[in-house]
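Dear colleague,

I am passing on the structure below, followed by some notes on what was found in it. Please read the notes alongside the coordinates.

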Amino acid sequence: MKESHRPYDIISVIVIIGMLLLPSLLMIWHPNTDKDASGENRELAERPTLAHTPLNQFPAKYDQYFNDHFPFRDHFINQYFSFRLSNGQSPNSAVIIGKDNFLFSGKREKELYEGALEEPHQKMQAVVEELSKRHARLQQMGIQLYVVVAPTAFEVYPEYLPNNILRADSTATDLLCRKVKTQAPQIPFLYLKEYLTQHEARHRIDVDV
């Protein structure tokens, strides 16, 4: 009975060996000569050499090199991104996909909008005091200081946000604006949220890049 399974065993072994060797063979036949991944905003890992790499670091560095240069890597990444986007999911944790495929950037901006990002009172007070000092110093030099705060896209385009992202009653930005206006009213202070939201109602004010 054992001999009757030998052809299948041999085929299985050949298939397994072939699967193990295939990535290396493809790297020889279709080498990836790119040195940077423009879509990832970083440089790809270089192939390590034993002559210039400590032996204890060689396995990890070669693993990084292989992960950056394995065959059809860009194709697989693009397919993964397309699959995530088609399901309304962002392929990048730093980007949130809103309604009508509107993109919102940053975990920090989301936390600020939801009120989860809180700045200590002492830090806020230090900002107000520093602005007051600079305003007084520049006034003596005949220079007018203007403080302009630009809102995030979360504030300007809330209608495009996913339904599960809601604005807090008060954010760190709101607190800073109140502190500057009440404690340093001599400083010309402009928060552009109201201006931008008024113009956004008539036309999109973002720039496609």
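Is methionine 19 buried or exposed? Methionine 19 is exposed, with a relative accessible area of 57% (buried is under 20%, exposed over 50%, partly exposed in between, with a 1.4 Å probe and protein chains only). The place of this residue is in helix H1, residues 6–29 (helices, H or I, of at least four residues, and strands, E, of at least two, are DSSP runs numbered from the N terminus).

This is a predicted model, in which local features need pLDDT of at least 70 and side-chain atom pairs count only at pLDDT 80 or more, while totals for chains, interfaces and linings use all residues. Residues are numbered from 1 along each chain as its sequence is written, and side-chain values use heavy atoms, with hydrogens and water left out.

The largest nonpolar core has 11 residues, among them Val147, Val149, Cys177, Val180 and Phe189 (a core is a set of buried Ala, Val, Leu, Ile, Met, Phe, Trp, Tyr and Cys residues joined through side-chain atoms within 4.5 Å). Helix H5, strand S5, helix H7 and strand S6 each give two or more residues to this core.

The structure also holds six salt bridges (a side-chain nitrogen of Lys or Arg within 4 Å of a carboxyl oxygen of Asp or Glu). One of them joins arginine 167 and glutamate 155, at 3.0 Å from N to O; arginine 167 lies in the loop between helices H6 and H7 and glutamate 155 in H6, so the pair ties together parts that are 12 residues apart in sequence. Arginine 167 is partly exposed at 27%, whereas glutamate 155 counts as buried at 8%.

Best regards
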